[in-house]
Amino acid sequence: MAILVVGGAGYIGSHAARALRRSGYEVVIYDNLSTGFRRLTRGFELVEGDIADESRLRPVLARVDAVMHFAAHAYVGESVENPRKYFRNNVLGALSLLNSVLDAGIRRFVFSSSCAVYGIPEQIPITEQARREPVNPYGASKLFFENALAAYGRAYGMRSVSLRYFNAAGADESGEIGEIHEPETHLIPLALAASTGNGPELEIYGCDYPTRDGTCVRDYIHVSDLADAHVRALQYLEEDGIEGGGSLAINLGTGRGHSVLEIVRAAENATGRRVGRKVGPRRPGDPPILVADPAKAQSVLGWTARRNLDDIVSSAWAWMRKNLDQRMTA
Ligand code: UFG
């Protein structure tokens with residue numbers, strides 16, 4: 001069975017591509033390399049193209065049985081400043097992709113959604129039934145596409161699973177791939193970089209939140225656990241877990257929250273060096289606490305996160321060190 005991994009040159013897509021291959025699937029990566037990296041696709045067939053390019057997609061879709069869609073812009077702050085960019089790619093481009101998939105006769109679709117669809121939750125942990133009121137265009141774009149999948153399920157028999165990720169972090173155990181974002185805005189790589197002295201001091205965005213130590217709490221989930229959940233979601237669709245057409249949304253998190261200061265300490269443990277930091281103002285749009293209720297992933301997909309925060313931070317550190325070494329010897 002062949003899977004098209006759209007956005008497979010990105011951080012999460014490249015991990016999913018490997019997990020699929022390890023589970024015996026044939027994988028084709030489709031990516032326009034606008035934010036992805038060719039080196040993350042090494043060893044895979046890569047077709048370069050945009051999600052909105054129907055003629056480029058047509059021959060590739062004719063060779064696959066299911067699609068996983070990771071190709072999205074994913075900076076919350078940027079989406080507030082430049083919503084046009086986000087709606088163009090994450091909504092218009094994504095709908096064009098979905099239509100191409102439909103026209104190709106494919107009825108299995110796994111979508112990278114986000115806990116950003118919930119906005120500021122009323123209750124922690126967050127279940128899939130919680131109110132969905134995104135507070136930024138990024139979250140709105142993800143929710144729109146989830147709704148499109150649901151409508152295509154009812155009308156055209158599309159079967160889909162939307163996976164709502166909490167905070168993806170860490171790197172594949174092989175050391176071949178890991179997190180690369182340009183620019184990097186995520187806490188764990190920034191904290192590790194700050195401890196090496198190669199990056200700037202870490203700015204902690206606010207220490208006056210109503211949390212145990214005043215800093216924001218997030219549910220950090222190892223990217224390899226996320227990747228495994230994608231394989232499970234695909235297997236679920238294969239087994240006709242959804243009768244006829246239908247859509248399902250599932251949280252992917254650990255159910256455990258860690259504060260920014262706890263992450264700083266975990267980074268210090270991994271590197272053995274102090275994370276240089278200063279406290280700055282709150283970052284607009286950051287909810288105080290986001291923690292998943294992962295029960296549905298367990299009951300429907302038989303999936304739970306196997307890796308803990310130490311695994312996340314140590315794998316991210318191994319990947320960063322390898323890249324630093326490569327840069328130094330280049
Ligand atoms: N943080 C800092 N300093 C930094 C970077 C982050 O204090 O330099 C804090 C943030 O305020 C937040 C936590 O660390 O409390 C995690 O921030 P990240 O930027 O690593 O991740 P986010 O929680 O902002 O973003 C994640 C995903 C998004 C998703 C969002 C939903 O990366 O795709 O959750 O809220 F949309």
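This is a predicted model: local features need pLDDT of at least 70, side-chain atom pairs count only at pLDDT 80 or more; totals for chains, interfaces and linings use all residues.
**A cavity and a ligand site**

Let me begin with the cavity count, which comes to one cavity of 30 Å³ or more, where a cavity is a set of points on a 1 Å grid over the protein atoms alone at which a 1.4 Å probe fits but cannot get out. The largest cavity has a volume of about 50 Å³, a volume being the space filled by probe spheres set on points joined across faces, edges and corners. Its lining, meaning residues with an atom within 4 Å of a point, includes His69, Asn90, Phe111 and Lys142.

Residues are numbered from 1 along each chain as its sequence is written, and side-chain values use heavy atoms, with hydrogens and water left out.

Turning to the ligand, 22 residues surround it, and the closest are Tyr138, Leu187, Glu203, Arg283 and Asp286; a residue is counted if one of its heavy atoms lies within 4 Å of the ligand.

As for polar contacts with the ligand, pairs of N or O atoms within 3.5 Å, a backbone N or O atom of Glu203 lies 2.7 Å from a ligand nitrogen, and a polar side-chain atom of Arg218 is 3.1 Å from a ligand oxygen.

Key. A polar contact is a pair of N or O atoms within 3.5 Å; within protein, one must be able to donate a hydrogen and the other to accept it, and residues adjacent in sequence count only if both atoms are side-chain atoms. On a 1 Å grid over the protein atoms alone, a cavity is a set of points where a 1.4 Å probe fits but cannot get out, and a pocket is an open set with protein on both sides within 12 Å along at least five of seven lines; lining residues have an atom within 4 Å of a point.
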